[in-house]
Amino acid sequence: MHTTERASAIFRCYLLASLAVATMVGLIFMLHALRNVLLMLAFSSFLAYFLAWPINILARRMPRPAATRVVFYTFFLVLLGAIPTVGAILYYQTVEFIQALPGYLEQLPSQYDLANNMLNGLQEKYAPGQEAQGLDAYLTQLAQQMQSSGPDLINKALGATQTFLSGASTVLAGFLIVPIIALYLLLDAARFRSTFIRLFNPRVHNDVERALDAINKSLGGYIYSRVIMASIIGVVMAIVMVSLGVPYWLLLAVGLLIGEFIPVVGGLL
């Protein structure tokens, strides 16, 4: 009897483990299948959260639905007007940068004693008996590789652009769907909040509301601080690089702007 109960318990454990693994696999598969939908929802939520701040300010002087529409339509029109110009400049600067990169690598200064000593030390430690190569040799090899693979990189960039353009309908659909979802979230934010609070026991409604306020304040402060800092750095550096005649200024400024969203190392990268 004891052996039968033990076998039954082991069987139940295996069954539960199998169900857990199957559920996890199914969840991963579902997330993978819905990745585009989830990505659009994430972008929509971020856009709605970002536009909520100017809407709240404008709502002090007019009804909130009207403030929502004014802010949303203004942002959408500015974005719609900026994307073609900025996208074209970014594309041409990226292609030109890939073409010019081997030449830039050849022009890098070779007076890096610290780097040379470090490379020589690593070679002596991990590859004893081999002739040491300094930083100049590595840069020369890298420049030669870039020269040989430069046309291939350009062809890949052109191919990626063609693929992007061939899927323009999908991109356009996402470009239209994301703002619509964001607008819906903004207009019905209060109803979503009250519906979520009603899911809990009435005795804890006040606690849930305070928790939502705290989360909203902390998350909003982080998002707005990163966006404002990244925007200031990107715009200021773009102006400085244009005034100094730095090529690929927009490409570098966009890289700086995106890098600011990466904690700690973003700016350095």
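These legends go with close-up views of a predicted model.

**View 1. Helices α8 and α9 pack against each other.** Here you can follow α8 (residues 205–244) alongside α9 (residues 249–259), with their axes 8 Å apart and an angle of about 160° between them. Since angles over 145 degrees count this way, α8 is roughly antiparallel to α9. The crossing of α8 past α9 is right-handed. On the α8 side, the contact is made by A230, S231, I233, G234, M237, A238, M241 and V242, and α9 brings W249, L252, A253, L256 and L257. Sorted by type, the residues of this contact are 11 nonpolar and 2 polar, with no charged ones.

**View 2. F97 and Y248 form an edge-to-face aromatic pair.** The count of aromatic pairs in the model comes to 6. In the pair shown here, F97 and Y248 sit 5.5 Å centre to centre, with 80° between the planes. F97 belongs to helix α3 (residues 64–106) and Y248 to the loop between α8 and α9, so the pair ties together parts that are 151 residues apart in sequence. F97 is partly exposed, at a relative accessible area of 29%, while Y248 is buried, at 12%.

**View 3. F196 and F200 also pair edge-to-face.** Their ring centres are 5.3 Å apart, and the planes make an angle of 75°.

**View 4. Three residues make up one aromatic cluster.** Look for F72, Y73 and F76, which form this cluster together.

Key:
Residues are numbered from 1 along each chain as its sequence is written. This is a predicted model: local features need pLDDT of at least 70, side-chain atom pairs count only at pLDDT 80 or more; totals for chains, interfaces and linings use all residues. Side-chain values use heavy atoms; hydrogens and water are left out. Axes are lines fitted to C-alpha atoms, for helices over the stretch in contact, and angles run from 0 to 180 degrees between N-to-C directions. Helices (H or I, at least four residues) and strands (E, at least two) are DSSP runs, numbered from the N terminus. Angles under 35 degrees count as roughly parallel, over 145 as roughly antiparallel, 65 to 115 as roughly perpendicular and the rest as oblique. A crossing is left-handed if the near helix is turned anticlockwise from the far one by less than a right angle, and right-handed if clockwise. Contact means heavy atoms within 4.5 Å. Ala, Val, Leu, Ile, Met, Phe, Trp, Tyr, Cys and Pro count as nonpolar, Asp, Glu, Lys and Arg as charged, and the others, Gly among them, as polar. Rings of Phe, Tyr and Trp (its six-membered ring) pair if their centres lie within 6.5 Å; planes under 30 degrees apart count as stacked, over 60 as edge-to-face and the rest as tilted. Buried means under 20% relative accessible area, exposed over 50%, partly exposed in between (1.4 Å probe, protein chains only).
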